[in-house]
Amino acid sequence: MKSRIKISGITALLSFILTGTVAAQIGKPFIHDPSTIMECEGKYYTFGTGGGGLISEDGWTWNGGAVRPGGGAAPDAMKIGDRYLVVYGATGGGLGGGHNGRILTMWNKTLDPQSPDFKYTEAILVAQSDGIEDNDAIDPGLLLDPTDGRLWCCYGTYFGFIRLIELDPKTGKRMEGNKAIDIAIDCEATDLEYRDGWYYLLGTHGTCCDGANSTYNIVVGRSRNVTGPYLDNMGRDMLTGGGKMVLAAGGRVMGPGHFGRVILEDGVEKMSCHFEADLDQSGRSTLGIRPLLWKNGWPVAGENIKEGTYEIESERRGYALELVVDFVRMAGGMRGFGRNANEPIKPVPSQELADVIDTWPTGNIGVRIGDYMTRPHQKWTITAAPDSSGYLGAPYYKIVIAGTERALAATADAEVITVPEFTGAPEQLWRIDQLTDGTYRIMPKVVPNSDKKLALISIGDSTPTLAEFDMSSDNSKWNFRAH
Amino acid sequence: MNNKLKTLSLAVVAVIFTGLGLHAQTVPSGRQMDDPTKRDTVRSIAAYFIPATKSKKTPDSQGFIQRWLLLEPIDKPNRSNTVFTDSYIREAFTTVYFPNQFTALPKDGEKVKVGEQELTWHALESKKFNVKLFRFAYGLNKQVYGVLFWAVTVVNSPQEMKNVRMAVGSNSASMWWLNGEEAVILSGDRRMVMDDCVSPRLTLNKGKNIIRGAVINGPGMSDFCVRFLDEKGEPIKDITISCE
């Protein structure tokens with residue numbers, strides 16, 4: 001079924017270039033030990049080891065500029081009320097050879113260094129390790145328990161235990177009388193999350209800080225109680241080294257670590273991390289943002305759609321998005337019964353674009369959903385938008401009929417059509433988010449003359465439209481199938 | 001937090017950190033000038049071990065073997081664990097460091113000479129499911145990084161048990177033998193994870209079976225855990241452990 005359409009040399013080059021950047025961010029997204037990504041006044045922020053961090057206008061192009069005093073390592077951040085709480089580790093982690101670490105918190109009203117309100121409070125010491133005990137107070141992660149509003153902080157590295165302490169969400173101080181609890185070993189960069197009655201402890205296993213040879217990987221255990229025990233899918237306690245894989249190396253990026261979770265809306269979540277080495281970016285440590293999926297109650301990293309040619313399948317019925325054009329029959333028909341079974345076997349060529357394109361109208365062509373027959377009017381080539389625009393974790397995409405520049409586009413009356421030539425107009429750019437269940441949401445960057453945020457929907461088995469996204473409905477979901 | 005070593009109050013030296021992520025095991029072991037462990041003088045293994053006795057000792061509730069003869073660490077400098085390839089550790093673990101290394105059943109207090117080092121065997125029982133070699137070395141005022149440990153124990157089986165497997169986790173690389181035969185090898189820069197590597201099917205003889213293991217580490221926090229699994233993957237607990 002070799003149905004992929006040959007692409008031009010320029011497109012191929014573009015594809016090659018973009019293939020390397022689709023997995024990680026663009027700009028100068030170089031960071032180590034990134035905090036959970038924060039949104040503040042329309043921009044995204046993440047803080048890293050050594051002070052400072054990255055800022056992004058759209059979530060896809062990242063550059064330096066975030067400001068965090070205190071130096072140290074591996075911060076985390078959280079918005080509580082109308083303030084941002086930043087927590088980080090000072091010294092420890094083997095820095096200078098010692099494990100006498102300290103965890104500190106501080107507040108800021110804004111993360112925008114240009115804002116007149118930008119001012120960090122004095123750092124507050126909330127935990128420390130003496131350099132000898134089985135803990136190294138570094139690599140903190142925060143959880144504001146949505147069930148009761150209690151604020152928790154996990155911290156630690158390979159030097160002994162990962163520990164859990166409770167903080168006061170009003171002050172950022174350690175709760176009076178709180179005693180640390182050991183919840184894991186063999187981790188760094190832990191983070192706590194809550195979902196559907198489960199508390200999740202995410203940690204980074206493997207070897208850090210060795211470029212393309214770093215074996216860092218992100219694992220998880222879960223518990224019904226925030227204090228643990230955190231068990232993996234095999235029932236192993238993370239206190240005995242347990243952990244189920246969330247994200248490992250893949251493609252051209254190595255050593256993911258330092259998990260962070262961003263919930264955008266129901267069914268749309270992202271995870272942040274750094275890759276110890278992005279081979280397409282000099283092997284530097286680079287910010288990574290992936291869709292976050294939940295499978296059988298476990299978090300797992302999803303994938304941004306890879307550039308290529310696909311069937312776009314509706315989750316509603318399994319039909320495929322296609323042009324409204326005449327169905328062109330392939331040669332032959334049913335062979336008939338009673339024929340000689342020993343006749344020579346020979347392949348039947350697939351229907352190609354050239355076989356049918358002259359039967360298509362040359363202007364705008366409508367779009368419908370039909371049973372997939374591997375035909376040219378059902379094959380869509382998806383590439384990153386040439387203007388490098390994007391959203392959190394991915395670029396906008398250009399969607400065209402394979403082998404052509406006929407582009408999928410939103411109309412002013414909230415329908416979908418194809419236009420004969422891709423122009424780069426915003427209604428021809430598409431946001432594609434992998435959803436928490438592994439299916440995808442497809443949204444135009446804009447709907448002309450509208451400020452509504454609409455998605456591609458199956459309004460009938462065979463009829464697409466643009467309407468509000470509903471995670472609870474298969475009408476809102478699509479799959480990309482490479483045949 | 002349950003196993004804090006009581007230490008002297010320490011003068012904490014603030015270290016301004018400007019590099020990136022130097023908090024993993026790849027940190028060179030040589031940078032210990034700020035290590036407060038260099039300055040404390042009250043050291044003990046008591047928080048992690050008790051002396052082995054002759055009383056009947058079975059594995060713990062999860063089948064982990066806690067009674068071991070441990071040799072003080074052999075000096076084996078490695079600034080990074082990235083060197084622990086299969087071929088490296090196989091050579092490191094088959095090198096003869098002391099006489100009868102692969103055959104002797106040492107006694108508590110027995111000494112061996114390894115190069116310029118005179119090292120002592122200690123018959124101990126771990127208070128935890130894992131044997132924290134780092135704390136063993138630290139508590140005895142021995143070097144904790146760039147080390148190679150040897151461990152020996154005796155498993156007494158009430159009957160012959162076929163198709164059992166030895167399940168090991170270690171920090172970092174290690175190699176294990178049952179009755180003189182190689183059972184399982186753990187290469188690479190590893191953290192100790194229970195059941196990380198599991199041997200092929202083995203037979204525990206009726207009576208005594210000798211387990212011998214070697215663990216190597218550069219800058220990591222050395223430890224290991226060992227248990228036997230039956231054909232269903234369940235821990236074997238109807239055995240006893242001795243050092244004789």
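1. A:K306 is partly exposed, as 15 other C-beta atoms lie within 10 Å; by the convention used, a residue is buried with 20 or more other C-beta atoms within 10 Å of its own, exposed with 12 or fewer, and partly exposed in between, the C-beta atoms being placed from the backbone. A:K306 belongs to the loop between β21 (298–301) and β22 (308–314) of chain A. Strands are DSSP runs of E of at least two residues, and helices are runs of H or I of at least four, numbered from the N terminus.

2. The model is predicted: local features need pLDDT of at least 70 and side-chain atom pairs count only at pLDDT 80 or more, while totals for chains, interfaces and linings use all residues. Residues are numbered from 1 along each chain as its sequence is written, and chains are lettered from A and ligands numbered from 1 in the order in which they are written.

3. Chain A is assigned domain 1 (27–301) and domain 2 (308–481), with bounds from an automatic or database domain assignment. Taken over C-alpha atoms, the centres of the two domains of chain A are 39 Å apart. Their contact takes 18 residues from domain 1 and 15 residues from domain 2, where contact requires C-beta atoms, placed from the backbone, to lie within 7 Å.

4. On the side of domain 1 that touches domain 2, two or more residues come from each of β18 (253–265), β19 (268–278) and β20 (284–295) of chain A. The most are given by β20(A), with 6 residues. This side of domain 1 comprises 10 nonpolar, 3 polar and 5 charged residues; Ala, Val, Leu, Ile, Met, Phe, Trp, Tyr, Cys and Pro count as nonpolar, Asp, Glu, Lys and Arg as charged, and the others, Gly among them, as polar.

5. β18(A) and β19(A) run antiparallel and are joined by 9 bridges; strands pair if DSSP finds at least two bridges between them. A:V262 has A:K270 in β19(A) as its bridge partner. The two strands form a hairpin with 2 residues between them, and A:G267 in the turn has a positive phi of about 90°.

6. β19(A) also pairs with β20(A), in the antiparallel sense over 7 bridges. A:D278 stands opposite A:R284 in β20(A). This hairpin has 5 residues between the strands, among which A:S282 takes a positive phi near 60°. Because 10 of the 11 residues of β19(A) are buried, that strand is largely enclosed by the rest of the structure.

How values were computed:
Contact = placed C-beta atoms within 7 Å.
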